[in-house]
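Please work through each task before reading its solution.

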Amino acid sequence: MKRLLYIFMMLTALSCTVAESEVSVIPQPQSLKVSSGSLDVSGASFWIDEGVPAQAVSAIGLFMDEVPDSGMSQSRAKSLFRFVSNPDLAEDAYEISVNRRRVRISASSFNGFLYAIQTLRQVLNEDMTVRCMKVKDAPRFGYRGMHLDSARHFWSVDQVKKYLDIMALHKMNRFHWHLTDDQGWRVEIKKYPLLTEVGSKRKGTVLGKGWYVIEYDNIPYEGFYTQEQIREIVSYAASKGIEIIPEIDLPGHMLAALASYPSLGCTGRGYEVWGRWGVSADVLCVGKEETFEFIENVLLEIMDLFPGKYIHIGGDECPKARWKECPACKARMKELGLEGEDAAVQLQAYVTDRVETFLAAHGRSIIGWDEILAGDISKSATIMSWRGTDGGIAASRAGHDVIMTPNSYCYLDYYQSRRIQDEPFAIGGFVDVRKVYSFEPFTSEMTPEQKSHILGVQANLWTEYIKTPEHLEYMLLPRMSALSEVQWCSPENRDYDRFLDKMTRMVDLYRKMGFNFARHIFEVSPVIGVDESLGCPQVTLTTQGDAPMYYTLDGSEPSVCSIPYTGPVSVGDSDVFKAIVDRDDIETKVYCQHFTRHKAVGKPITMNTKPAPYYSAGLPQSLVNGVLNEDEDAAAGEWMAWRGEPVDVVIDMGGESYSKVSVRTFVSKWEDMYAPLGLSAYVSDDNESFVEIASEEYEIEQERVPDGVKTYDLDFPDTSARYLKVVVRTVPALPSWSERLGKPAYLFLDEIKVE
């Protein structure tokens with residue numbers, strides 16, 4: 001009898017596991033329990049409790065339209081869908097109970113019902129059935145945001161609404177809208193009509209990337225939102241449970257305003273809306289009262305348009321050079337008693353504090369980028385931590401509320417694949433779906449008090465290199481789905497493999513709603529290592545779900561007739577590896593990797609110095625895996641970086657003879673990525689006592705020396721010493737002409753060749 005009971009319990013548990021795998025909800029609910037059976041809801045009747053908010057009634061009506069032949073019912077007893085107000089549930093929480101007879105949905109707020117409806121949309125099958133289940137759910141963070149830059153490239157009203165639709169699908173509730181910058185002023189301000197008559201237009205847009213050699217397309221570019229359009233979008237967002245946070249970036253990033261009203265600047269002349277990207281040295285003159293009158297008048301109209309709690313005032317990347325030369329600004333610093341090297345920094349803090357006081361008098365609160373922490377500012381200012389998480393941690397320690405949006409995890413304008421030759425042009429960087437999903441805003445060092453100041457998480461989508469709606473959505477999805485679980489789920493309720501499995505259902509919704517999306521997680525995902533026993537590269541493949549993969553080693557195109565992938569592949573003497581995943585419903589690309597042959601490939605290697613954070617993928621084996629990057633971008637392939645410390649590695653050559661060492665670097669000085677200052681080679685037979693056999697020193701590259709991929713070689717007499725030490729010296733301090741004078745430079749390497 002006990003044996004039968006055990007078997008029954010095991011079968012029951014297995015059936016529940018199988019059932020749960022058939023239910024996909026993103027973000028994952030805090031509690032989801034699936035039972036046997038399902039309910040056919042086609043032709044369903046809907047009943048709504050009197051206590052349900054009127055806004056929620058409208059949202060329920062829209063959902064009802066998605067269920068064929070459904071309609072409202074006046075009888076609770078005869079209804080299939082029952083929407084019930086439950087004031088005992090927390091704000092934004094909801095519960096769903098589905099049995100074989102009815103669906104019961106309860107919440108205490110408009111947003112709670114919205115989130116319940118989004119969950120229902122995801123669990124509703126194509127045949128209009130819903131699995132029997134119980135859901136108890138509430139978000140981890142109250143602030144779950146997405147950002148959109150409309151200043152660099154302008155997005156129509158319909159495109160912004162579609163962006164809000166994507167946010168709503170993922171249960172997000174804050175839309176950070178970047179409306180002004182050096183490249184365009186996009187919101188109508190009636191008191192200052194030139195802001196849009198002049199400031200919303202630029203003569204052309206820069207082509208490519210660079211700092212010294214710049215080409216423009218010479219195509220006039222313009223666009224702005226009327227106040228009526230702004231109100232329309234604000235109302236639409238509210239119907240989706242989303243509050244819009246407008247950003248008027250000040251006192252820097254104001255060139256479009258200066259071009260419109262030159263008297264607001266320190267020099268008062270020569271301003272033009274920028275067609276290039278980057279940071280302009282021209283900023284608002286904060287020594288003039290006229291400037292503060294302008295700021296306050298603009299913000300009065302902004303507050304009239306946007307009824308939410310927060311106004312984002314930027315505060316990032318504000319050069320101080322003009323202030324240090326401007327008589328009015330110097331007089332202001334003297335008046336305020338600001339002296340010394342940080343006087344200009346404190347002047348910006350004065351601006352921030354003055355704007356914060358003005359907005360607080362009107363019942364609003366400010367958000368600023370983490371740069372505003374550099375001065376003495378009010379504790380009421382909320383900090384948006386974008387330069388990593390350190391700013392957010394420091395802000396929470398100081399008593400500020402914080403929104404975490406670190407560029408290393410949450411910048412969706414970064415590349416989402418290492419193979420950027422197959423990607424649309426982007427600003428650089430690398431943040432894929434897995435990286436987004438791995439972000440955890442709390443650190444082990446945070447106290448409960450500090451954690452209470454972390455309001456939530458946001459991802460940012462800057463649009464310097466994004467021109468079309470299709471490209472915009474490609475950069476968003478599916479990374480936004482990964483972000484939603486970071487925002488919504490408690491850490492113990494997040495599982496990346498489960499998330500990947502759920503994406504099969506999620507892309508069905510993308511298609512149904514007309515969203516474009518990137519397909520990287522559905523393609524072959526490679527990790528290149530080394531097989532030290534054979535002395536050759538080794539490729540490990542994964543992909544979403546259990547789709548079969550096939551590969552070739554002879555350069556031919558892979559197909560279902562090629563070699564089935566069953567585990568890591570040692571490529572032997574092959575110079576090219578190609579692979580493909582076989583899927584019926586999603587078009588995927590062939591993965592192709594070329595290898596270069598040299599005597600250190602696959603050899604054991606150790607590191608004596610630490611690489612820079614975020615640029616250490618696969619180290620140290622990735623330095624001798626035979627992969628040379630095909631693209632000149634730090635996001636490509638396997639560029640690895642050191643900063644401050646030299647590169648110091650030891651390769652076990654195993655008795656082979658050799659007489660040359662080469663290193664490949666990637667130089668982009670405007671991004672603090674410099675060529676080496678020196679390259680040295682040492683040999684040893686015992687891995688303890690090393691002798692230098694060759695060394696070269698190099699001058700620091702001057703400002704206008706062309707950037708790009710560069711190779712540095714050392715030749716020396718033939719040797720068969722077992723251990724080869726390679727040391728590559730980095731630039732310890734950036735030169736005087738750099739914007740970040742004195743900080744250590746990055747040194748990027750992809751391979752150390754030994755011949």
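A residue is called buried under 20% relative accessible area, exposed over 50% and partly exposed in between (1.4 Å probe, protein chains only). The model is predicted, so local features need pLDDT of at least 70 and side-chain atom pairs pLDDT 80 or more, while totals for chains, interfaces and linings use all residues. Residues are numbered from 1 along each chain as its sequence is written, and side-chain values use heavy atoms, without hydrogens and water.

**Exercise 1.** Determine how the rings of Phe425 and Tyr465 are arranged.

Solution. Rings of Phe, Tyr and Trp (its six-membered ring) pair if their centres lie within 6.5 Å; planes under 30 degrees apart are stacked, over 60 edge-to-face and the rest tilted. The whole structure holds 36 aromatic pairs. For Phe425 and Tyr465, the centres are 5.1 Å apart and the planes stand at 85°, so this pair is edge-to-face. Next, accessibility: Phe425 is partly exposed at 40%, whereas Tyr465 is buried at 14%.

**Exercise 2.** Classify the pair Tyr551 and Phe577, and state whether its residues are buried or exposed.

Solution. The ring centres lie 5.5 Å apart with planes at 20°, so the pair is stacked. Both Tyr551 and Phe577 are buried.

**Exercise 3.** Over which rings do Arg140 and Arg519 lie?

Solution. A charge sits over a ring if NZ of Lys or CZ of Arg is within 6 Å of the ring centre and within 35 degrees of the ring normal. Arg140 lies over the face of Phe442, 4.8 Å from the ring centre. Arg519 lies over the face of Phe517, at 4.2 Å.
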